[in-house]
Amino acid sequence: MTERPLRILLLGDASNFHRTLAIGLRRLGHDVTVASDGTGWMDTARDIDLRRPLPGKAGGAALWLKLQMGLKRRFSGHDIVSVCTPGFLNLRPHRIKSIFDYVRTHNGAVFSTALGTDSNYVEECLSPDSEIEYNEFMIHGAPAPMLTADPEAAARWLAPELKEYCDYFYARIDGAVSCLWEYDVALQRVLPPWKHAYGGIPIDTRSIQPVELPDRIDKVRLFLGRHAGRLLEKGTDLLEAAAKEVVGRHPDKAELVIVENRPYDEYLGLLRSSHVVLDQLYSYTPATNALLAMAMGLNTVSGGDEKYYRFIGEEKMRPVIHVEPDYDSAVNALERTVLSPHLIRARGLEGRRFVEKHNDTGTVAMRNIEFWKKHLIARHDS
């Protein structure tokens, strides 16, 4: 194969992942198009808008008509397409399957960006033998708060129509790139080792100016960004309660700022005003919110398990304030942080170095390109 810029379509998005990956890919000289619905209220940037123009079933019908009337033709002629999980469109599974088949027919290789929940991931979470011993569905063999509050939450992901489409999808993609250790574990259920790789979450560190935290912080500002529909899923309810408990114990040493469902750019501005960002409770791996905070030089309370650090080959840096999936762990971690404000600046500086090393959008883009090209070459040679 001759070396030339690749035409790449990133189809679907979540938490600004594909849009940020596109920045790195374009800096490498590739021609990239992002097609997404802007992740709902986050309203993230995209080149092709895939929002439902109306609520409810009417919105689904309108989007489907828009696709059939010519929009889907913009999904053709690319060397590489990477779709955001099997559910890359906000449509019923049989509708998405139709678009998926069209994409497979009218492009080169089709990959998946594994960055969200699907039937396969839920099956992995529910498995008693899984390496993922705690997650939003199960915690050490017992139902997690989300599943206790909504016993059908997992069953909906495993409904026949959704499960059959998910199996169909993984049987036909050329490969998948995961953004978290947890998603990489789940991919092992459905793909051989050579068909999946870890890419990580891209963070555009070049565009993020670190916050200059003082050496001495008199009052630690804790920041919690709530997603109203995902409080139990992320453990935000317990983190909020733990933070209020700690602030109540030490009102002269800490304060809590809470924001909810803000547009992406506005949210980033609010994030910069904090010292410690409360991310999520049921994760082994820091995700987008945590990594953005770390790139800003802030501290973050999230998943930073040793399994994750070993997976990415990091032996020294431990910038995440790791919490186990329970209230007491969150209270203890937050109280230690509030009572040790002299450690916050140094931890923030380490967090920035960590993101620059492991998650810069150029690094993540190159991991994706290397994996994609390996499969393109194999297809060409065969």
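What follows is a set of questions and answers on sheets, helices and a few loop residues.

Visitor: What kind of model is this, and how are residues numbered?
Guide: This is a predicted model, where local features need pLDDT of at least 70, side-chain atom pairs count only at pLDDT 80 or more, and totals for chains, interfaces and linings use all residues. Side-chain values use heavy atoms, with hydrogens and water left out, and residues are numbered from 1 along each chain as its sequence is written.

Visitor: In the open sheet of seven strands, what is the order?
Guide: Helices (H or I, at least four residues) and strands (E, at least two) are DSSP runs, numbered from the N terminus. Two strands pair if DSSP finds at least two bridges between them. The pairing here is parallel, and the order is β3-β2-β1-β4-β5-β8-β9.

Visitor: Which are the edge strands of that sheet?
Guide: An edge strand here pairs on one side only. The two are β3 (48–49) and β9 (196–198).

Visitor: Which residue in β4 is the bridge partner of Leu9?
Guide: Strand β1 (residues 7–11) and strand β4 (residues 80–84) run parallel, joined by four bridges. In β4, Leu9 has as its partner Val81.

Visitor: What angle does the direction of helix α1 make with that of β2?
Guide: Helix α1 (residues 17–27) packs on the sheet and touches β1, β2 (31–36), β4 and β5 (109–114). Contact means heavy atoms within 4.5 Å. Axes are lines fitted to C-alpha atoms, for helices over the stretch in contact, and angles run from 0 to 180 degrees between N-to-C directions. For α1 and β2 the angle is about 175 degrees.

Visitor: How many of the eleven residues of α1 are buried?
Guide: Buried means under 20% relative accessible area, exposed over 50%, and partly exposed in between (1.4 Å probe, protein chains only). Among the buried residues of α1 are Phe17, Leu21, Ile23 and Leu25. The helix α1 is mostly covered, and its buried count is eight.

Visitor: Asn16 is not a glycine; what is its phi?
Guide: Most residues other than glycine have a negative phi. Asn16 sits in the loop between β1 and α1. It is buried, at a relative accessible area of 2%. Its phi is positive, at about 70 degrees.

Visitor: Is Thr85 buried or exposed?
Guide: Thr85 is in the loop between β4 and α3 (93–105). It has a positive phi of about 65 degrees, although it is not a glycine. Its relative accessible area is 8%, so Thr85 is buried.

Visitor: Are α3 and α7 roughly parallel or roughly antiparallel to each other?
Guide: α3 and helix α7 (residues 160–172) pack with their axes 10 Å apart, at an angle of about 10 degrees. Angles under 35 degrees count as roughly parallel, over 145 as roughly antiparallel, 65 to 115 as roughly perpendicular and the rest as oblique. So α3 and α7 are roughly parallel.

Visitor: How many residues of the contact of α3 with α7 are charged?
Guide: The contact includes Lys97, Asp101 and Arg104 of α3, and Glu161 and Arg172 of α7. Ala, Val, Leu, Ile, Met, Phe, Trp, Tyr, Cys and Pro count as nonpolar, Asp, Glu, Lys and Arg as charged, and the others, Gly among them, as polar. Seven are nonpolar, one is polar, and the charged ones number five.

Visitor: In the open sheet that five strands form, what is the order?
Guide: Its edge strands are β11 (254–260) and β14 (321–322), each pairing on one side only. The pairing is parallel, and the order is β11-β10-β12-β13-β14.

Visitor: Which residue in β13 does Leu278 stand opposite?
Guide: Strand β12 (residues 276–278) pairs with strand β13 (residues 299–302) in the parallel sense, over three bridges. From β13, Asn299 and Val301 point one way and Thr300 and Ser302 the other way, and all are buried. Opposite Leu278 stands Val301.

Visitor: At what angle do helix α10 and helix α14 pack?
Guide: The contact includes Leu238, Leu239 and Val246 in α10, and Tyr327, Val331 and Leu334 in α14. Its residues divide into eleven nonpolar, no polar and three charged. The two helices are oblique to each other. Helix α10 (residues 236–249) and helix α14 (residues 327–338) have axes 9 Å apart, and their angle is about 45 degrees.
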